[in-house]
Every structure is written in C-alpha cells, then in structure tokens.
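Please examine the sequence and the structure shown below.

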Amino acid sequence: LVGGRMAFTFLAAEGVAVGKTQIEEDWLEPCRAMRELAAARGVKLLLPQDVVVARSLDDDCGCCTVPLTPYCCTPDAPCVPSGCYGLDIGPQTAAAFTEAILACKTVFWNGPMGRFEVPGFAAGTEAVARAMGCATEAGSTTIVGGGDSVSAVNQLEPQPAMSFVSTGGGASLELVRGQLLPGIQAMAHALTAGAGKQQQQQWWSK
C-alpha cells in the first residue's frame, strides 16, 4: 500500500497529473520499474484511487476529493488541479487500504497517508490506524515505524492497539531491509564479549 507524498511520485510515473504536489523527479523511472517488477511477481502494489486536494498545505477550507485515473489526465482536465496539492488519500482508497490490511497476517506501516496534522487531511491516516488496530485484535502482527505515524496513532481516542511501535522510521526501514542497526550491533557485541568473559572466568575457577 503506497500513500502519502510517496504515492504521488508513483502516480506521476503513470501519467497522473498531480498539480503542485511535490514529487521525486529522479524516482519516476524506478517507480515504473517497481510497478513492473511487482506485476511480474504477482505482488499487489496498491496506489490511491482518489485523493483529497486543496490549494493550501495548512488550510483545509475548500478541500475536495478527486478521483485518479492513470493516462486519462489532460492539460485542460488534470486529475489534481494545477493550483492544488494532494494532501490525503480519499475515502475510496481508505476503504481499499482497510480491506487489504484486514486480510494480512503481518502489517508494517511507515508514514502517514497525508498531512494529518490538519483535520481536513487526517481521515486517511486515521482509517489506516483504525484498520491496523482491528487487524491486531484479530490476531495479526502489526508494526508501526516512524514518529509521524506514532503521533497520528496517539491522537486517536481510543488508541488502536498495535503489536510493536517504533519512533525510528528510517531505522525501522533499515531493519526490514535486513540491515544490522548500530545500536543493536553494539548490544550484540557487548553480550558476546560478556559471555566470553564469563566463560573465561568459569574456566579459571576450575
């Protein structure tokens, strides 16, 4: 599931007009490659089907939901109007993401679905957080990584339950990639050294 600002780079790579939303130009081709690789491996890579747009990043006044259809945008009728930002996933996408989360046994979530600090752009992130909570209660393993995601969860009442929570977003991604984190590496080294010293002391005492 790809939401938040990252999703707009994927959408732009597929020909969707994203208005003033910031994208990573140098990641357009890698996004296309990832989509092709996912399709070749039979992996579902879900992108937003609709988004909430507004003319201001900090004001939800006048915001609205627009559908997204790849390769149907034209300069005269862009999916996201040229003067607007995409600031949250829409209700259709939130429902699709919820369904996908509830069907999983393990869910790793890193990053909000939009600019959740503004009330009008928080619904998508809240929907994902609630879905994660329901998945946890159903027995799935749920992991939340990143300070923004944790902050979004903490704002909800009641707070949805999660299996594991980490405020280290980048570190969480490194761990998922199989990288050994410096802190864990230091702890492992200390434990190994401590075990070796203990064995040596036991040998000398015999």
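Glutamate 14 counts as buried because its relative accessible area is 13%, and buried means under 20%. This is a predicted model. The side chain of glutamate 14 meets that of arginine 35 in a salt bridge, with 2.5 Å from N to O. Glutamate 14 lies in the loop between α1 and α2, whereas arginine 35 lies in helix α2, so the pair links distant parts of the chain, 21 residues apart. Arginine 35 is partly exposed, at 27% relative accessible area.

The structure holds 3 salt bridges. Another of them joins arginine 32 to glutamate 29, whose closest N and O atoms are 3.0 Å apart. Both residues belong to helix α2 and are separated by 3 residues, about one turn of the helix. Arginine 32 is partly exposed at 31% relative accessibility, while glutamate 29 is exposed at 51%.

A further salt bridge, at 2.7 Å from N to O, brings together the side chains of arginine 115 and aspartate 58. Arginine 115 sits in the loop between β4 and α4 and aspartate 58 in the loop between β1 and β2, so this pair ties together parts that are 57 residues apart in sequence.

Valine 176 lies in helix α6 and is exposed, with 56% relative accessibility.

The largest pocket contains about 1,700 Å³ of space. Its lining comprises 46 residues, and those closest to the centre are Leu1, Val2, Gly3, Met6 and Asn110. Helix α1 gives the most to this lining, with 6 residues. By class, the lining has 27 nonpolar, 10 polar and 9 charged residues.

Notes: Residues numbered from 1 in each chain as written. Predicted model: local features only at pLDDT ≥ 70, side-chain atom pairs only at ≥ 80, totals over all residues. Heavy atoms only, no water. 1 Å grid on protein atoms, 1.4 Å probe; cavity = no way out; pocket = protein on both sides within 12 Å on 5 of 7 lines; lining within 4 Å. Points joined across faces, edges and corners; volume = space filled by probe spheres on them. Helix = DSSP H or I, 4+ residues; strand = E, 2+ residues; numbered from the N terminus. Nonpolar A, V, L, I, M, F, W, Y, C, P; charged D, E, K, R; others polar. Buried < 20%, exposed > 50% of the residue type's maximum accessible area, 1.4 Å probe, protein only. Salt bridge = Lys/Arg side-chain N within 4 Å of Asp/Glu carboxyl O.
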